[in-house]
Protein chains: 2
Amino acid sequence: MESKVEQDLGSYNHHPCVEIGMEIHKVETPPKRSSLRKLGNRLKETFFPDDPLRQFKGQSTKQKWLLGFQYIFPMLQWGPHYNLNLLKSDIVSGLTIASLAIPQGISYAKLANLPPIVGLYSSFVPPLIYAVLGSSKDLAVGPVSIPSLLMGSMLRQEVSPTQDPVLFLQLAFTSTFFAGLFQASLGFLRLGFIIDFLSKATLIGFMAGAAIIVSLQQLKALLGITHFTKEMGLVPVMSSVFHNTKEWSWQTILMGFCFLVFLLVARHISIKKPKLFWVSAGAPLLSVILSTLIVFAFKAQHHGISVIGKLEQGLNPPSWNMLHFHGSHLGLVLKTGLITGIISLTEGIAVGRTFAALKNYQVDGNKEMIAIGVMNVVGSTTSCYITTGAFSRSAVNHNAGAKTAVSNIIMAVTVMVTLLFLMPLFQYTPNLVLGAIIVTAVIGLIDIPAAYQIWKVDKFDFVVMLCAFFGVIFISVQEGLALAVGISIFKMVLQMTRPKTAVLGNIPGTDIFRNKHQYKDAVSVPGFLILSIQAPINFANSSYLNDRILRWIQDYEEEEEDTKRHSGLRFVVLDLAAVSAIDTNGVTFIQELRRVLEKKGVELALVDPVGEVMEKLQKADGTQNLLQPNTLFLTVGEAVSSLFSSMKSVSSSQV
Amino acid sequence: MESKVEQDLGSYNHHPCVEIGMEIHKVETPPKRSSLRKLGNRLKETFFPDDPLRQFKGQSTKQKWLLGFQYIFPMLQWGPHYNLNLLKSDIVSGLTIASLAIPQGISYAKLANLPPIVGLYSSFVPPLIYAVLGSSKDLAVGPVSIPSLLMGSMLRQEVSPTQDPVLFLQLAFTSTFFAGLFQASLGFLRLGFIIDFLSKATLIGFMAGAAIIVSLQQLKALLGITHFTKEMGLVPVMSSVFHNTKEWSWQTILMGFCFLVFLLVARHISIKKPKLFWVSAGAPLLSVILSTLIVFAFKAQHHGISVIGKLEQGLNPPSWNMLHFHGSHLGLVLKTGLITGIISLTEGIAVGRTFAALKNYQVDGNKEMIAIGVMNVVGSTTSCYITTGAFSRSAVNHNAGAKTAVSNIIMAVTVMVTLLFLMPLFQYTPNLVLGAIIVTAVIGLIDIPAAYQIWKVDKFDFVVMLCAFFGVIFISVQEGLALAVGISIFKMVLQMTRPKTAVLGNIPGTDIFRNKHQYKDAVSVPGFLILSIQAPINFANSSYLNDRILRWIQDYEEEEEDTKRHSGLRFVVLDLAAVSAIDTNGVTFIQELRRVLEKKGVELALVDPVGEVMEKLQKADGTQNLLQPNTLFLTVGEAVSSLFSSMKSVSSSQV
């Protein structure tokens with residue numbers, strides 16, 4: 001038997017990695033800090049990862065006040081340097097987005113089952129507020145499609161917008177108030193990371209699904225159907241469309257089709273040549289004017305073409321007396337506020353970040369949330385419903401050369417002029433053109449290349465995307481979204497309960513150890529099982545890890561049997577470099593593993609524990625001596641080298 | 001400027017780590033596998049981490065059948081080798097636990113607001129079933145305190161056990177049925193990891209809280225109060241106790257106090273000297289006999305001491321006709337079944353694993369779940385309520401030398417004899433002695449040393465423990481538990497959204513790079529910012545990581561300013577060794593980071609991505625060239641060495 005051992009050890013000698021007498025380095029513990037200090041650090045990392053107070057460091061008191069005001073009102077940062085050249089650019093871009101904002105505002109308000117004029121009100125006050133508080137230079141603020149759809153459909157569950165329009169309007173304003181309150185609180189409490197839970201995959205699926213739902217709703221206007229379903233799903237809408245073929249109006253269909261094609265072509269041109277941004281930017285307003293003239297000239301409203309009808313004139317009336325903070329609909333209003341608030345925040349922040357990255361400036365997420373939230377709270381008291389930074393209009397704004405938030409002010413002023421003087425002109429605007437404008441706007445939300453990219457990179461993310469997409473189309477907008485978020489989080493938790501473990505091998509000619517599955521050249525060292533654990537060890541995974549490690553040991557033993565080599569397992573080396581944290585269950589797991597291995601005559605060595613893990617193992621280590629110099633190493637190479645020489649010296653003394 | 005660069009580079013030359021011309025190794029991709037194969041592997045790791053089919057590999061068909069039967073009925077494994085010696089040990093231990101099981105069964109049934117005899121029924125049928133199906137050799141099966149308390153208190157929310165005892169009993173059996181069904185399904189579907197979400201900290205806090213709640217309930221019996229509150233919380237119970245001081249009976253208090261002291265002393269003796277296990281094991285039965293004799297002799301039932309009263313004689317009557325699968329209480333029954341099922345499963349599995357570890361055999365969690373589940377389903381049809389492996393009785397069983405599950409059979413037979421012939425003897429047993437037995441049993445659930453250990457090792461776990469404890473005491477048993485589980489999972493998700501990043505430095509004299517905070521000797525390399533990310537990169541953390549890395553860069557620049565060194569940042573090296581997974585958001589984050597850094601004139605290099613990360617980066621990498629040999633390295637040392645020499649050659653060609 002002894003000669004057998006010697007023979008085995010003989011074969012070890014030729015092992016490439018073993019460099020006996022390799023210098024061994026100590027694993028160190030991070031400097032001691034009190035629990036309170038650690039807690040403080042943790043809280044800072046959680047809530048202030050961007051360290052917003054950094055700029056105040058080492059400044060004079062006066063300077064600090066100035067910086068503080070600039071922090072709250074970003075306008076003060078760029079205001080003093082504002083000049084005529086910037087103003088020229090901003091006027092051009094402001095007028096461009098106004099020509100988009102007016103028809104879109106009217107259209108989106110209809111999507112939310114609100115009077116069209118509310119859409120214009122919402123394009124007047126919120127942009128002014130954002131111009132003062134917001135930190136993005138490109139964001140064009142106003143009503144957007146998906147939150148409009150969501151608010152309309154959620155409120156319609158309890159109140160009918162046709163039978164009880166005043167109550168419906170009150171609920172819409174109250175929801176907007178809560179949405180704004182919620183958004184601003186997220187920013188104040190620095191909980192902005194909540195919107196991170198909407199992953200890219202979720203958003204792409206959700207947006208595409210919502211775009212289809214929104215487009216389907218436009219069939220009412222585009223086909224001229226009067227008895228349209230009140231539901232949103234694909235199935236009820238299609239059955240409603242084909243059960244009401246008698247109501248289809250050929251005049252509406254023809255005219256709608258023409259304008260839709262015109263708008264789509266204009267959009268296509270601008271996509272191909274971004275310099276021609278004004279083609280797609282001007283097309284909706286042109287369509288509105290053209291279609292209104294046609295209706296007016298041919299008295300088409302008497303030939304089956306439905307029109308907007310008379311609109312009030314004048315600026316936003318106050319609406320704080322319309323906010324309802326009690327009564328039976330409070331739950332609904334809170335829920336609607338929460339969901340539309342999150343969704344519009346997500347769109348606003350994402351759009352802001354996208355354009356900030358293009359122009360190489362920073363947008364502070366938490367600050368943006370406060371700006372958008374305040375804008376909605378104020379909006380809800382001035383007859384505005386939910387608004388945020390719109391993707392399509394911001395893109396036009398950016399392409400039209402907007403330099404600062406002044407373009408929002410120009411847009412607001414244009415809308416104001418419209419509200420004051422031009423409202424009667426919209427009387428004969430046909431609904432079909434609004435439908436065509438919405439379809440053209442939301443079709444851009446369907447991002448096939450991004451979906452293909454997700455399919456290529458990550459199949460699971462693709463499944464999440466499909467869930468969001470089909471959930472929105474077949475169940476409901478909010479439930480589809482919840483489903484996708486739920487699945488994403490479930491995957492994350494599952495990943496935590498089933499962390500990866502890998503067997504490491506030596507890369508010949510080096511002291512580097514890597515995953516044997518990934519590096520085909522890597523060879524194992526006889527007598528050693530080297531495992532790397534790639535996740536925090538905690539209550540959710542410690543019993544899995546125990547099972548899994550015992551299985552790796554069985555695998556090792558079977559492999560030895562197969563190769564007729566019987567050197568036997570002497571050491572299990574755990575590479576803890578990737579274990580970023582550990583809890584009491586995890587500490588117990590390591591202690592237990594050591595005990596179980598000891599009974600089998602196998603020694604456990606730990607490699608490269610990070611600071612926190614090291615500290616906790618030390619604290620838990622009473623009489624166990626888990627962290628002896630001969631079982632704790634800085635690198636796998638040093639562990640193998642040191643343990644190997646100790647094994648040799650033992651066996652030679654046996655011989 | 002150029003001479004400045006050269007001067008800086010001059011100082012680099014003396015840098016200890018730089019060993020120009022160091023051999024560079026390639027990062028490899030794992031062998032290609034189809035998505036389906038990967039999915040299969042993932043599913044296997046998730047549901048079969050213990051690889052239960054391993055033992056069937058390479059066996060003959062006959063052998064496979066035999067192994068299969070043995071897998072389902074573990075009794076077949078040890079049955080053939082059973083002998084007289086083993087039987088002797090099992091008889092001793094079986095009789096010992098029976099002497100505990102009889103008084104505890106009666107007591108726990110009262111805790112669940114059920115007739116005392118149901119506790120004895122539940123100590124007869126379930127142990128017999130467990131003996132056939134269970135794989136633990138030490139588990140003593142029967143009713144236990146916390147699930148009894150939970151079932152009693154949850155069902156009492158809707159049905160009064162005194163006013164409607166038959167319906168209450170029906171609901172208890174139906175809950176037991178669902179609990180068993182749920183437990184067995186968890187095992188069949190291999191979802192056993194669900195109980196892992198009850199962390200050690202949660203359980204210790206929960207058990208201690210529940211022990212106090214259970215003990216408080218015993219004040220009714222121990223003080224002789226007749227009008228006792230029906231609530232469980234600390235506050236209502238204490239106010240009920242002190243508002244009914246007139247009902248206190250000094251005879252009851254005196255007698256209860258004596259027996260409580262006697263039982264606690266007996267318990268203390270057995271803890272100090274485990275060989276004297278029979279002292280605490282026999283004490284409850286002795287107390288029952290003594291107290292019954294005292295009551296009988298002094299006719300104490302007429303002096304304010306309440307007694308159990310007449311009990312039926314005979315074995316378990318069938319109860320399948322008492323199961324209710326419809327009606328208004330179905331929701332309650334399902335919820336009760338679910339919660340008591342999980343809790344009793346947790347206790348059973350934990351106890352089984354503890355003793356298996358002591359005797360060095362394995363207990364298969366999923367198999368145990370099926371065994372416990374089947375036992376409860378069958379139990380619910382034979383007048384038994386929820387049962388599991390009890391901690392205190394299993395400990396006695398183990399100390400008494402139990403060798404196999406036959407000790408459970410011996411216990412069941414003893415209970416059967418009691419049911420058939422000895423029931424009239426319990427007529428005069430005072431309730432106070434049952435209260436004293438319960439208090440003595442549950443006091444062992446309060447584990448102060450373990451709580452102290454948690455405080456020492458992990459402050460956050462301690463907070464979780466306190467939440468469970470105070471939640472149970474002040475809110476309710478089930479809500480306290482839910483609170484603690486919720487906080488544990490929240491911590492896990494928060495950990496995921498705020499992964500650790502660390503700046504690495506070179507350990508002098510080596511090519512090893514480690515966290516500069518932990519290793520005070522580690523020095524940074526001028527021009528390099530070396531960061532390690534220690535978590536999967538995904539939707540929940542990619543925008544945080546972006547913020548955090550930009551802050552590290554700012555820190556670097558500030559430090560340079562402070563030290564008046566202006567070599568400037570040239571390279572950001574990301575050590576991805578600890579990034580075990582990545583999703584589409586994570587891939588975008590790395591691509592964006594590279595783009596942002598490029599604009600600053602800084603190059604991004606990646607080190608040691610694991611297989612999955614490597615694959616996804618490759619797939620996403622269209623024209624970006626993220627994975628060029630000059631930006632992808634196997635170790636940080638090689639990255640620094642290689643990039644450093646490229647920087648030198650560039651700057652010398654500039655000069």
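Okay, let's start in chain B: strand S5 (residues 528-533) runs parallel to strand S6 (residues 571-575), and the two pair over five bridges. Keep in mind that this is a predicted model. If you want one contact to look at, B:Ile530 has B:Val573 in S6(B) as its bridge partner.

Those two strands belong to an open sheet of six in chain B, with mixed pairing, and the order is S4-S3-S5-S6-S7-S8. What stands at the edges? That's strand S4 (513-515) and strand S8 (632-633) of chain B, each with a single partner strand, so one side of each has no neighbour in the sheet.

Now over to chain A, and strand S5 there, residues 528-533. S5(A) pairs with strand S6 (residues 571-575) of chain A in the parallel sense, over five bridges, and A:Phe528 sits opposite A:Phe571 in S6(A). S5(A) also pairs with strand S3 (residues 501-506) of chain A, this time antiparallel and over three bridges. In that pairing, A:Thr501 stands opposite A:Ile533 in S5(A). Five of the six residues of S5(A) are buried, so the rest of the structure largely encloses this strand.

Next, a helix: H16 of chain A, residues 365-380. Its 16 residues should span 22 Å at 1.5 Å a residue, and the end C-alpha atoms are 22 Å apart, so that agrees. Of those 16 residues, 13 are buried, so H16(A) too is largely enclosed by the rest of the structure.

Last, zooming out. Chain A is divided into domain 1 (2-30 + 499-654) and domain 2 (83-493). How far apart are the C-alpha centres of the two domains of chain A? They lie 58 Å apart.

How values were computed. Residues are numbered from 1 along each chain as its sequence is written. Chains are lettered from A and ligands numbered from 1 in the order in which they are written. This is a predicted model: local features need pLDDT of at least 70, side-chain atom pairs count only at pLDDT 80 or more; totals for chains, interfaces and linings use all residues. A residue is buried if 20 or more other C-beta atoms lie within 10 Å of its own, exposed if 12 or fewer, and partly exposed in between; C-beta atoms are placed from the backbone. Helices (H or I, at least four residues) and strands (E, at least two) are DSSP runs, numbered from the N terminus. Two strands pair if DSSP finds at least two bridges between them. The expected span of a helix is 1.5 Å times one less than its number of residues. Domain bounds come from an automatic or database domain assignment.
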